[in-house]
Amino acid sequence: MLLPGSGLGMNSAMDDINLIQQAQRHHLVVRELGEEIDLEIGPGDDDPSFASTPLISGPPREPSAEEHDESKQMVMVSQLPSEDQDLLKTQSAKRKKKVVKRWREEWADTYKWAYVDVKEGTARIFCSICREYGRKHRRNPYGNEGSRNMQMSALEEHNNSLLHKEALRLQMASKDKIIVDKPIYAKALMSKTAGSIVEAALKRDPHEVEFIQSVQEAVHALERVIAKNSNYVNIMERLLEPERTIIFRVPWVDDRGETHVNRGFRVQFNQALGPCRGGLRFHPSMNLSIAKFLGFEQTLKNALSPYKLGGAAGGSDFDPKGKSDAEIMRFCQSFMNELYRYLGPDKDLPSEEMGVGTREMGYLFGQYRRLAGHVQGSFTGPRIIWSGSSLRTEATGYGLVFFAQLILADMNKELKGLRCVVSGSGKIAMHVLEKLLAYGALPVTVSDSKGYLVDEDGFDYMKISFLRDIKAQQRSLRDYSKTYARSKYYDEAKPWNERCDVAFPCALKNEIDQSDAINLVNSGCRILVEGSNMPCTPEAVDVLRKANVLIAPAMAAGAGGVTAGELELTHECNSMQWSPEDFESKLQEAMKQTYQRALKAATDFGYQKDSPEALVHGAVISAFLTIAQGMNDQGCV
């Protein structure tokens, strides 16, 4: 609605002109909240509820001199006789006053999707998503600045337009489209030959950021190997292309009878050394790039372990959080309906990963057994088809601590009395805490997606049990600090600025960035043991290496899960009865072999034993040479 006093007609041409003039005057291209806009409006045109609503952008400002004078004038007017008041009101109606407002949240939403550009010599208002203009793509098709109701109805009209919906669907359909804004950090490689491998990977898969990052790390570690034998370039190029990539639809029905569709992945990266082993991850962020990155890392990890196996990884963008057991069962059964034909004890056996635990593995294996018609070799994970104690879940976390102890033993030190910082609060993190306590260390932190918890007295077994109860009930770690006075929970923060001797990142990929690495160095950290795959960004790795912080790569330190899975399969096939003590002893021996293989490969190619790069480069070199030998022997297949 336009004001009668404005003198403008209601025809669409004048409406367009008025709207464009307002857009140019008010600078619609605004990206942040809390900025001021100038509106020239007549009396009564503003939303009366706006003045009484709290503003979103901080403390209230002091009234300006102009506003002070204006309010003073209003007081004086109220004291005049009624005839004089009417006269003054008539005069004020003829002029427009300048009003300065701060945006509320819903006002800001109406501006987010609008910007002004020139189309064929004419200024138009465009939709930020659709990049189109037209009546249904305007901030306000009625040209009224003052009425919030009009603005919100315009926003609703815009959001309901078919053009906008299609543009939004295409924008959100694939997370790969968002990756364009993420710069890929390119490492400086000494060898042009090594650089050509990374360039070829970038050219082929330019949007797969996670995969490219893992390739760069591997190629950087292999520079001296490639320099000695240029034939390894061709083998590396073949290795970087997965043998088989499976992408499939996973339809499922929720408890209300509504149908949903997710996307499933399985990347069987390389089988030169044997059948594939690798995890399944159920998480909303799952995509092809992450599946390939995890498969590539798993291939190298399996080659480094004492058990020669191929590598694979997969999962789905399904989020099990908030789903009922029945919904998760239906999803897992639908997932396996497609994947089962690519699985088998001599093909590929999946294991647990993020979002996939005992419950999910049980549903997956049950459907696999039903479809395949046999139970020859169950999935690696907590045993479903035989009774007895299993250490598969504990193995990865315990292995990390065993690996840290091996590093310290070479320094004539031990874990006892060392202050340790752990991120994450899942299975791996909890078992790291347990084994650190067994070695006499002092673990002081855990974290979740909202922040981190620090206990200055350190965790003990009773506190760890309490943490498990909190996570099982899907409560916040903040509840822990309500019980233990010497603890504190920090919102939207990471634990890397806490004083420590050893750090165990066990949460997500790239959880440690450059600033976090600087905090770790300043906090006294001397050893970083990677519990999650690729927890450090390339910039963070550079900071840690320059500060001589020794990095134990997940490829070597996280091999406990691979070892335990194969030991359990051997146990199952041979019907042997191993006690947890025997199992742990074999796990320790396997971790020792992995550690020694990585160190030997590093020293063979000129890296000093105490160099911060020794274990990282040695692990990749040893794994790659093992795979390369198998690929070379089998020919170009």
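Axes here are lines fitted to C-alpha atoms, for helices over the stretch in contact, and angles between them run from 0 to 180 degrees between N-to-C directions. The model is predicted. Two packed helices are described by the angle between their axes and the distance between the axes.

Take helix H15 (residues 427-438) and helix H16 (residues 461-472): their axes come within 10 Å and cross at roughly 175°. Angles over 145 degrees count as roughly antiparallel, and H15 and H16 are therefore roughly antiparallel to each other. On the H15 side the contact is made by Met430, His431, Leu433, Glu434, Leu437 and Ala438, and on the H16 side by Tyr461, Ile464, Leu467 and Arg468. Sorted by class, these residues comprise 7 nonpolar, 1 polar and 2 charged. An α-helix has 3.6 residues a turn, so residues three or four places apart point the same way.

The axes of helix H12 (residues 325-339) and helix H13 (residues 358-372) come within 8 Å and cross at roughly 45°. H12 and H13 are therefore oblique to each other, and H12 passes H13 in a right-handed crossing. H12 supplies Asp325, Ile328, Met329, Cys332, Gln333, Phe335, Met336 and Asn337 to the contact, while H13 supplies Arg359, Glu360, Tyr363, Leu364, Gln367, Tyr368 and Leu371. The contact of H12 with H13 holds 9 nonpolar, 3 polar and 3 charged residues.

Phe335 of H12, named in that contact, also touches Ser316. Ser316 lies in strand E8 (residues 310-316). Is Ser316 buried or exposed? Its relative accessible area is 0%, so Ser316 is buried. The side chain of Ser316 reaches the backbone oxygen of Arg263 at 2.9 Å. Apart from neighbours within four places in sequence, the residues in contact with Ser316 are Asn262, Arg263, Gly264, Arg281, Phe282, His283, Met286, Phe331 and Phe335.

The last stop is helix H19 (residues 538-546), where the buried residues are Pro538, Ala540, Val541, Val543, Leu544 and Arg545.

Notes:
Residues numbered from 1 in each chain as written. Predicted model: local features only at pLDDT ≥ 70, side-chain atom pairs only at ≥ 80, totals over all residues. Heavy atoms only, no water. Buried < 20%, exposed > 50% of the residue type's maximum accessible area, 1.4 Å probe, protein only. Helix = DSSP H or I, 4+ residues; strand = E, 2+ residues; numbered from the N terminus. Parallel < 35°, antiparallel > 145°, perpendicular 65-115°, else oblique. Left-handed = near helix turned anticlockwise from the far one by under 90°. Contact = heavy atoms within 4.5 Å. Nonpolar A, V, L, I, M, F, W, Y, C, P; charged D, E, K, R; others polar. Polar contact = N/O pair within 3.5 Å; in protein donor to acceptor, adjacent residues only side chain to side chain.
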